[in-house]
Amino acid sequence: MGAGMDASEVRQWAKEIDQAVMDCPDEVAKVVGRGAYNVKKDAQTRAKRIGRHVRRYPYAITYETRRRMADISADIGPEVGKGQGSLGSILENGSPTSPPHPHMLPAGQAEAPRFERALEDLAVRLLEGR
């Protein structure tokens, strides 16, 4: 071997990496779920400031996490058919007669640094075996 490592140390290191890879999807799913929840709550808070005419709209903002093999994602936004969910695009982007009230995009932008930090911390934790 070289540089002062023997075969047992290399095997142990490989075993730790294998374990981190096996733990990864479950742990990443938790981070994605938490991030999606944070975006939803922030977007709801922002949407409550839009006005009384859309008072049911914030409660139409939901999130759903999806997991297919190693692919983990989340859908966050107003649910069409729930409350005033169908107004989401008009409220976020505006219309010819209504100004925009951004709430989804700013919520996502606010969460992005925390989400990235959580993923970085998770990578360190998994590789260190904690």
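**Cores, surface patch and salt bridges**

The largest nonpolar core in this predicted model is built from 10 residues: Val39, Ala43, Ala47, Ile50, Val54, Tyr57, Ile61, Leu91, Met104 and Ala107. A nonpolar core here is a set of buried Ala, Val, Leu, Ile, Met, Phe, Trp, Tyr and Cys residues joined through side-chain atoms within 4.5 Å, where buried stands for under 20% relative accessible area, exposed for over 50% and partly exposed for anything in between (1.4 Å probe, protein chains only). Helix H1 (7-47) and helix H3 (104-128) are the elements that give two or more residues to this core, and H1 gives the most, with 3. Helices (H or I, at least four residues) and strands (E, at least two) are DSSP runs numbered from the N terminus. A second, separate core has 6 residues, among them Val28, Val31, Val32 and Ile72. In soluble globular proteins, nonpolar side chains tend to be buried together.

As for Ala43, its contacts (heavy atoms within 4.5 Å) are Ile61, His103, Met104 and Ala107, once neighbours within four places in sequence are left aside.

Numbering starts from 1 along each chain as its sequence is written. Local features need pLDDT of at least 70 and side-chain atom pairs pLDDT 80 or more, while totals for chains, interfaces and linings use all residues, and side-chain values use heavy atoms, without hydrogens or water.

Over on strand E1 (residues 61-68) sits Tyr63, which counts as partly exposed because its relative accessibility is 32%.

Arg66 pairs with Asp75, their closest N and O atoms 2.4 Å apart. Both ends are partly exposed, Arg66 at 32% relative accessibility and Asp75 at 38%. Salt bridges that share partners also tie Glu27, Lys30 and Arg125 into one network. Within it, Glu27 and Arg125 come to 3.7 Å between closest N and O atoms, bridging helix H1 and helix H3 across 98 residues. By contrast, Asp42 and Arg46 sit 4 residues apart in H1, about one turn of the helix, and meet at 2.9 Å, N to O.

Note on methods: Salt bridge = Lys/Arg side-chain N within 4 Å of Asp/Glu carboxyl O.
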